[in-house]
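Here is a short briefing for a first look at this structure. Please keep the sequence and the model at hand while reading.

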Amino acid sequence: MKAAVLKKPGVFELVELPEPECPPGGLIIRVQTTAICSADVKMIYKGHQALSYPRIPGHEIAGAVAYSDVPEFKGSERVQVAPGIVCTQCRFCRRGVENHCKEIQIIGFTTDGGFAEYLVVTPQGVASGIVNQIPEHLSFAEASLAEPLACCINGQKSLGITRGDVVLVIGAGPIGCLHTMLSRLKGAQKILLADRQASRISSAVSAGADRLIDLTTSSLTRVVAEETASAGVDAIILACAEAEEYPLLDLLAPQGKICIFSGLPGQNPRLALDGNAIHYKEAMVVGAYGCTAEQNKQALELMASGRIKVDWLITHRVSLEDIHLGIELVRNRVGLKTIINF
Ligand SMILES: [Zn+2]
Ligand SMILES: [Zn+2]
């Protein structure tokens, strides 16, 4: 089979590999669509804390069951595969926050992923509940976006966005757009979506934010004051890596929450936050990383019911042979989501 293999940071090659064999109690998936994530680009050029080599990346996967040794799957079912293979027994797994399982294996990071014609799902993967049937009206391409949507569902869990809230999303890429749509669904009264790349602002129009803020020409402080009568926003979602550039606590209303959704640059992950501002405002700073199998199922349901529409996010489609082109599109932030169609 054809596969794109990351041998070490910066050495990413298309190779021919033997077709994988189905492990007892497992599945072989014929991959149909794998979406490219900015985390893939980051790992290809710089590595990633969860990565081991050589590795086939790709964790936003949809395909068809090609071979099954699992009674629930007869073969040829359309499925979306979530990336987290977990132990199911530890305290984090039992609490339903298995994205913090100490034994976690992540498809595309510690086991081979979706930048290949076939994907192996081990019995442990099946037991982790990562294989989801794709609802009838969803395409493979849409289903491949269940994972990033599930990560956003996870990120908003601690934010508790509710009716009447004013939400500021910084970063108008695919993740910022998903957060915008999800905030709207939760009843946010006003959503401000900001980016410092003008083309991102224009392509994010369909996310439905109340105000798009082009940070190359507008001051975030001024716009937030204008839009909230100087009260500040109830939630800030950082869907960008430049968190330290914004006066986050100054933009926040009392009891507001800040979600560090995107990873910060490895060489400079520190954020200077005024402890007294946190104290007096009763502000909350929360993190978000990954998602659970349950959140993947929720994401598929939200898309299948039409409450979250993701098809418009897919702006570029490439073949596996053109994966380097796809990676460059994502790296240069061209359009929104680039997917690999097999
Ligand atoms: Zn991703
Ligand atoms: Zn566990």
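About 1,300 Å² is buried between domain 1 and domain 2. Carbon and sulfur atoms give 66% of that area. The model is a predicted one.

**Domains and their interface**

- Domain 1 is made of two stretches, 2-148 and 290-341, while domain 2 covers 159-287.
- Their C-alpha centres are 28 Å apart.
- Domain 1 brings 14 residues to the contact, and domain 2 brings 16 residues.
- Which residues of domain 1 lose the most area to domain 2? They are W312, R333 and L336, and together they account for 48% of what the domain 1 side buries.
- One salt bridge is found across the interface of domain 1 and domain 2.
- D195 and R333 form a salt bridge, with their closest N and O atoms 2.9 Å apart.
- On the side of domain 1 that touches domain 2, eight residues are nonpolar, two are polar and four are charged.

**Zinc site**

- Which residues coordinate the zinc ion (ligand 1)? The donors are C37 through SG, H59 through NE2 and E60 through OE, at 2.2 to 2.5 Å.
- Along the chain, these donors follow the spacing C-x21-H-E.
- C37 sits in the loop between β3 (27-35) and α1 (38-46), and E60 sits in strand β4 (residues 60-68), so this pair ties together parts that are 23 residues apart in sequence.

**Salt bridges**

- Side chains of opposite charge can pair when their charged atoms come close.
- How many salt bridges does the rule count? The count comes to 13.
- D112 and R55 meet through their side chains in a salt bridge, at 2.8 Å from N to O.
- Why does this pair tie together parts that are 57 residues apart in sequence? It does so because D112 lies in the loop between β7 (105-106) and β8 (118-121), whereas R55 lies in the loop between α1 and β4.

**Backbone features**

- Is the peptide bond from Y53 to P54 cis or trans? The bond is cis, with omega near -15°.
- P54 has its place in the loop between α1 and β4.
- T88 is not a glycine, yet its phi is positive, at about 70°.
- T88 lies in the loop between β6 (84-85) and α2 (91-94).

How values were computed. Residues numbered from 1 in each chain as written. Chains lettered and ligands numbered in written order. Predicted model: local features only at pLDDT ≥ 70, side-chain atom pairs only at ≥ 80, totals over all residues. Heavy atoms only, no water. Domains from an automatic or database assignment. Contact = heavy atoms within 4.5 Å. Buried area = accessible area lost by both parts, 1.4 Å probe. Salt bridge = Lys/Arg side-chain N within 4 Å of Asp/Glu carboxyl O. Nonpolar A, V, L, I, M, F, W, Y, C, P; charged D, E, K, R; others polar. Donors = N, O, S within 2.8 Å, 3.2 Å for Na, K, Ca; no water. Helix = DSSP H or I, 4+ residues; strand = E, 2+ residues; numbered from the N terminus.
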